[in-house]
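Look through the model first. Then work through the questions below, one term at a time.

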Amino acid sequence: MRKTLLLMIVTLFSASASGREFVQTGSSMEPTIKDGQKIEVGILSSFSYDPKRWDLVALKNPQDFNLLVFRIIGLPNETIRLEKEGIHINDEMIKIPMELVQAGVYYWPASAITNNENYSDNLYRTKEGEYFLLGDNTLNANDSRFQLGIIHRDSILNKVEGSL
């Protein structure tokens, strides 16, 4: 009887601790994740997660502590330059993964979508432990190009599962 009860408790804890479901709010990640779509964020795996370029990650909004989802573009100690013709990392143009291209994802520089002179510089630099994040809908994403800024690893909760 004790073994059965213990097994049930461990199973329930494992199921609830292994992942959390959240609902995406806003269109910053469309077409990959739509407004109102449920997403799964692993909890236990967050302790061993090593962020990689193109990963979709969840982080807490530093202003209101709501969950945000963005894609990792720039890794630690990189220079990122966004131009209309593409993304340059350390002065080399990188290829966007084909599944993102086929889905219609395009990463616009801030200067292409706003006349605000505060966002005329399309060059960003990350330091040790820092990441540059973009929304897949860069026409409507408040990501690292704008107020979100460069994100430290401590702010990234985990990779979003089951996405491009």
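Q: What makes aspartate 55 count as buried?
A: This is a predicted model, and in it aspartate 55 has a relative accessible area of 10%. Buried means under 20%. Aspartate 55 falls under that limit, so it is called buried.

Q: Why is lysine 159 called partly exposed?
A: The relative accessible area of lysine 159 is 32%. Buried needs a value under 20%, exposed a value over 50%.

Q: Why do lysine 52 and aspartate 50 count as a salt bridge?
A: Their closest N and O atoms are 3.4 Å apart. A salt bridge needs a distance within 4 Å, so this pair qualifies.

Q: Are lysine 52 and aspartate 50 buried or exposed, or partly exposed?
A: Lysine 52 has 45% relative accessibility, and aspartate 50 has 48%. Exposed means over 50%, and buried means under 20%. Both values lie in between, so both residues are partly exposed.

Q: How many salt bridges does a search of the whole structure find?
A: It finds six. One of them joins the side chains of aspartate 143 and arginine 145, at 2.7 Å from N to O.

Q: What makes arginine 145 buried?
A: Its relative accessible area is 3%. The limit is under 20%, so arginine 145 is buried. Aspartate 143 is buried too. Arginine 145 is found in the loop between β9 and β10 (151-152).

Q: Which polar contacts does the side chain of arginine 145 make?
A: Among them is a contact with the side chain of aspartate 143, at 2.7 Å. The side chain of arginine 145 also reaches the backbone oxygen of tryptophan 108, at 2.9 Å. Polar contacts must lie within 3.5 Å, so both distances pass.

Q: Why is β4 called largely enclosed by the rest of the structure?
A: Seven of the eight residues of β4 are buried, so the strand is largely enclosed. For the chain, 41% of the 164 residues count as buried.

Q: How do you know that β3 and β4 pair?
A: Five bridges join strand β3 (residues 56-60) to β4, and the two run antiparallel. Pairing needs at least two bridges, so this is a pair. Within it, alanine 58 has valine 69 as its bridge partner.

Q: What makes β4 and β9 a pair?
A: Three bridges connect β4 with strand β9 (residues 130-134), in the antiparallel sense. At least two are needed, so they pair. Here arginine 71 stands opposite leucine 134 in β9.

Q: Where does leucine 68 lie, and which residues is it in contact with?
A: Leucine 68 lies in strand β4 (residues 67-74). Leaving aside its neighbours within four places in sequence, leucine 68 is in contact with Val57, Ala58, Leu59, Asn61 and Leu148.

Terms used: Residues numbered from 1 in each chain as written. Predicted model: local features only at pLDDT ≥ 70, side-chain atom pairs only at ≥ 80, totals over all residues. Heavy atoms only, no water. Buried < 20%, exposed > 50% of the residue type's maximum accessible area, 1.4 Å probe, protein only. Helix = DSSP H or I, 4+ residues; strand = E, 2+ residues; numbered from the N terminus. Contact = heavy atoms within 4.5 Å. Polar contact = N/O pair within 3.5 Å; in protein donor to acceptor, adjacent residues only side chain to side chain.
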